[in-house]
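Here is a short report for a reader new to this structure. Have the sequence and the model at hand while reading.

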Amino acid sequence: MEALKPHIPANSSVLIIRPSEVTVDKLQQAKSSLDGLSVSFELMERLGSSDTLYSVVVVGLFGAEKDLDYEQIQKSMRSSGIIAIFNGDNSSVSLDLLINGFSDSQQISENLTIAKSPACAFGTSTAIKLAPKVWKLDADDDLEDLIDPDDLLTEEDKVAPNKKLYTCGPKSEKKKACKNCSCGYAEELAGAPPPEFKSACGSCYLGDAFRCASCPFLGQPAFKPGENVKLAL
């Protein structure tokens, strides 16, 4: 503990993680070694049961701790607090601390490693302001390879559809159904339910790739057998 004291700021609150079996004498000895500081003890599995935040959290003082819950430890710490790990595996402790959000890891002695918790409180969030993506051309940019989108249109593309070409159906000029309507438009105009359609090939519901050339379902998405497809136009 003497190696840790120089790294603890004055008036810090210290939490020492203790095992379930430890003598009162050892607890008193640990507390007296940090004379002048506020010292508390808690079991690892009980971390998070209190809203109190500590400036320093000490782990492994009474023996190596296994299965450290770094998330609960960080929740119990103030921002920019100090975590001190005694009797840890020095080959992996620094990496474990870095992976779990701690920084400035230092090996103080053969059996002591310390690090800092994040400068923001656990769970802190902030909005990210993203600048609008605007593509600007400079005077020196080569414009020869740019394509005018209007040049991609042919004269036929610019001609409006002639409704007179449609003698029936919702696209027709008079919006009327064929005499032998089989697509259900006649029933739609009459407000009646569409007739039950019996497929000749049995593949209508699979999609256009499996439909006949005269299939009334051409252009509609695939559907389950027996399901009526309704398009929101």
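## Overall layout

The protein has four helices and six strands. Along the sequence they follow the pattern β-α-β-β-α-β-α-β-β-α. Keep in mind that this is a predicted model.

## Burial, contacts and surface

The protein counts 233 residues, and 24% of them are buried. Take the contacts with a separation of 6 or more: residues 24 or more positions apart account for 53% of these.

## A nonpolar patch

Which residues make the nonpolar surface patch of about 340 Å²? They are L95, L98 and I99. L95 sits in helix α3, which covers residues 90–99.

L95 is partly exposed, at a relative accessible area of 48%. A patch residue needs over 30% relative accessible area, so L95 passes that cut-off with its 48%.

## Cysteines

How many disulfides does the model hold? The count is zero. A disulfide needs two cysteine sulfur atoms within 2.5 Å. For C204, the nearest cysteine sulfur belongs to C215 and is 3.7 Å away. C204 is therefore in no disulfide.

Is C204 buried or exposed? C204 is buried, with a relative accessible area of 7%. C212 is partly exposed, with a relative accessible area of 37%.

Terms used:
Residues are numbered from 1 along each chain as its sequence is written. This is a predicted model: local features need pLDDT of at least 70, side-chain atom pairs count only at pLDDT 80 or more; totals for chains, interfaces and linings use all residues. Side-chain values use heavy atoms; hydrogens and water are left out. Patches are made of residues with over 30% relative accessible area and no salt bridge: like charges are joined within 9 Å, nonpolar side chains (Val, Leu, Ile, Met, Phe, Trp, Tyr) within 5 Å. Accessible areas come from the Shrake-Rupley method with a 1.4 Å probe; for residues, only the protein chains shown count as cover. A salt bridge is a side-chain nitrogen of Lys or Arg within 4 Å of a carboxyl oxygen of Asp or Glu. Helices (H or I, at least four residues) and strands (E, at least two) are DSSP runs, numbered from the N terminus. Buried means under 20% relative accessible area, exposed over 50%, partly exposed in between (1.4 Å probe, protein chains only). Contact means heavy atoms within 4.5 Å.
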